[in-house]
Amino acid sequence: MRTGLLSTILGASLLLAPIAYAQTSSVTATCKDGTDFSGTTRSGACKGHGGVASWGTAAATTPTSPNKAAPAPTATTGGKTGGPGQVWVNTATKVYHCPGDRYYGKTKTGEFMSQSAAQAAGDRPSGGKACSS
């Protein structure tokens with residue numbers, strides 16, 4: 001009878017172990033568009049953000065929900081960031097995007113530069129509207 005009780009206790013603890021682990025584990029990642037992800041699983045990490053750039057400790061940000069990444073304050077691409085007065089030029093289409101634009105820093109090919117340099121190179125503004133200063 002003693003071994004029956006011991007096996008019952010052991011079996012119950014093995015059943016509860018994954019539940020306790022799932023509640024305490026945390027996954028973090030940095031997405032390719034510069035946003036951070038934190039959640040309980042890797043599944044769906046950085047969906048809609050170009051995929052995962054790196055796994056591990058994410059920068060300190062406040063996520064909008066456990067499964068969504070918080071938006072980054074500036075766009076990042078290949079270690080470069082757009083600063084004040086910088087536009088993102090999609091070099092494939094020769095269209096430039098202003099800060100706050102949906103595609104700012106997010107097209108497959110492109111680079112940051114000043115709006116005047118983009119215009120001098122013959123690039124045109126997205127939607128036909130130049131960026132406001």
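Trainee: Why does C131 count as buried?
Mentor: C131 has 15% relative accessibility, and buried means under 20% relative accessible area (exposed is over 50%, partly exposed in between; 1.4 Å probe, protein chains only). So C131 counts as buried. This is a predicted model, in which local features need pLDDT of at least 70, side-chain atom pairs count only at pLDDT 80 or more, and totals for chains, interfaces and linings use all residues. Residues are numbered from 1 along each chain as its sequence is written, and side-chain values use heavy atoms, with hydrogens and water left out.

Trainee: Why does C98 count as buried?
Mentor: Its relative accessibility is 17%, so C98 falls in the buried class.

Trainee: What makes C98 and C131 a disulfide?
Mentor: Their sulfur atoms are 1.8 Å apart, and a disulfide is a pair of cysteine sulfur atoms within 2.5 Å. C98 sits in the loop between β7 (95–97) and β8 (111–114), and C131 in the segment after β9 (124–125), so the pair links distant parts of the chain, 33 residues apart; a strand is a DSSP run of E, at least two residues, numbered from the N terminus.

Trainee: Why is this disulfide, C98 and C131, called left-handed?
Mentor: Because the torsion about its S-S bond is about -95°.

Trainee: What makes C31 and C46 a disulfide?
Mentor: The sulfur atoms of C31 and C46 are 2.0 Å apart. C31 lies in strand β1 (residues 27–31) and C46 in the loop between β2 (36–39) and β3 (52–55), so the pair ties together parts 15 residues apart in sequence. Here the S-S torsion is about -85°, so the disulfide of C31 and C46 is left-handed.

Trainee: Which pattern do the disulfides of the protein chain follow?
Mentor: The pattern is 1-2, 3-4, counting bonded cysteines along the chain.

Notes. Helices (H or I, at least four residues) and strands (E, at least two) are DSSP runs, numbered from the N terminus.
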